[in-house]
Amino acid sequence: MSVTLDIKLKRANKVYHEGETVAGVVTLCCKEPLQHNGIALSMDGIVNLQLSSKSVGVFEAFYNSVKPIPLISSSIEAAKAGKIPGGKTEIPFEFPLISKGNKVLYETYHGVFVNIQYTLRCDLKRPLLAKDLSRSCEFIVHSQPQKSKIVPTPVKFSITPETLQNVRERSQLPHFLIRGHLDATSCVISQPLTGEVQVDKSDVPVKSIELQLVRVETCGCAEGYARDATEIQNIQIAEGDVGHGLPIPVHMVFPRLFTCPTLETTNFKVEFEINVVVILQDDHLITENFPLKLCRV
């Protein structure tokens, strides 16, 4: 006998804030009446921390600090044991999105070593030989907007062979001057990062100019920290030998779920950086790094 179980939220975008009510319906479709031993609904919010392969075994104390951190957990009985008629049945539900104790509901974030996720799960228990059914559905939590206003402060930069760090043989570098600015490094997460890059001179033709958005995730405790930087996205803003003195616009939208407001807690940190990368025809790679502070207003 075929039975389909589904969870539908009232909000199409599935975005909620702390203090709001997560409401929706559990839908059951079956051709014939269905005997069941109860329908349970649960809501969970968990921070999952993971160690990168280079950090495993380095710190014994890490294994206690990388346990999942529960943020919210509640469950209700959607229906008592009984019979569901054939056809489509909808059971409405509501969960208040309120954290217990002094826990903070962090914003939903899908990273590599840090994952903050909120899910609804419905379990339908069935008698004897029939297989139990379960269905999960993720919803998104946005952190409360900060009260203070953000005043954008432009950051200017100038890259020459002399300003570069981590260079083995400076004398063999071609001569170049790359200037530009970012309109702000304290950014509103729902607005794009903007600015300009300009190649004033370069002995070797330019091959490509790229923008790289990087997540820096730190997991750990008092004994030590594992800090890992990984790429979120890379956007090419210029290809080929661009005209010298020509301003090239910088425009990057922060991807949803893969970015969140900059977060710092006792067990983990989530920070973001932007790299302006210039690749020359002889495959020299020139990178300028800017730490970003993301927030929601």
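**Reasoning from cut-offs in a predicted model**

Q: Where does His36 lie, and what makes a run of residues a strand?
A: His36 lies in strand E4, residues 34–36. Strands (E, at least two residues) are DSSP runs, numbered from the N terminus. This is a predicted model, in which local features need pLDDT of at least 70, side-chain atom pairs count only at pLDDT 80 or more, and totals for chains, interfaces and linings use all residues. Residues are numbered from 1 along each chain as its sequence is written, and side-chain values use heavy atoms, with hydrogens and water left out.

Q: Why is His36 called buried?
A: The relative accessible area of His36 is 3%. Buried means under 20% relative accessible area, exposed over 50%, and partly exposed in between (1.4 Å probe, protein chains only). His36 is therefore buried.

Q: Which residues is His36 in contact with, leaving aside its neighbours within four places in sequence?
A: Contact means heavy atoms within 4.5 Å. By this rule, the contacts of His36 include Ala79, Gly82, Ile84, Leu124 and Pro127.

Q: What makes Tyr118 and Phe139 a tilted aromatic pair?
A: Rings of Phe, Tyr and Trp (its six-membered ring) pair if their centres lie within 6.5 Å; planes under 30 degrees apart count as stacked, over 60 as edge-to-face and the rest as tilted. By this rule the count comes to six aromatic pairs. Tyr118 and Phe139 are one of these, at 6.0 Å centre to centre with 40° between the planes, and the pair is tilted. The pair links distant parts of the chain, with Tyr118 in strand E10 (residues 114–124) and Phe139 in strand E11 (residues 133–142), 21 residues apart. Together with Tyr16, Tyr118 and Phe139 form one aromatic cluster.

Q: How do you know whether Tyr118 is buried or exposed?
A: Tyr118 has a relative accessible area of 0%, so Tyr118 is buried. Phe139 also has 0% relative accessibility and therefore counts as buried.

Q: Which residues touch the most other members of the largest nonpolar core?
A: A nonpolar core is a set of buried Ala, Val, Leu, Ile, Met, Phe, Trp, Tyr and Cys residues joined through side-chain atoms within 4.5 Å. Of the 79 residues in the largest such core, Ile116, Phe139 and Phe268 touch the most other members. Strand E20 (residues 268–280) gives the most to this core, with seven residues.

Q: Why is Phe93 called buried?
A: Phe93 has a relative accessible area of 5%, and is therefore buried. Phe93 lies in strand E8, residues 87–96.

Definitions and conventions
Helices (H or I, at least four residues) and strands (E, at least two) are DSSP runs, numbered from the N terminus.
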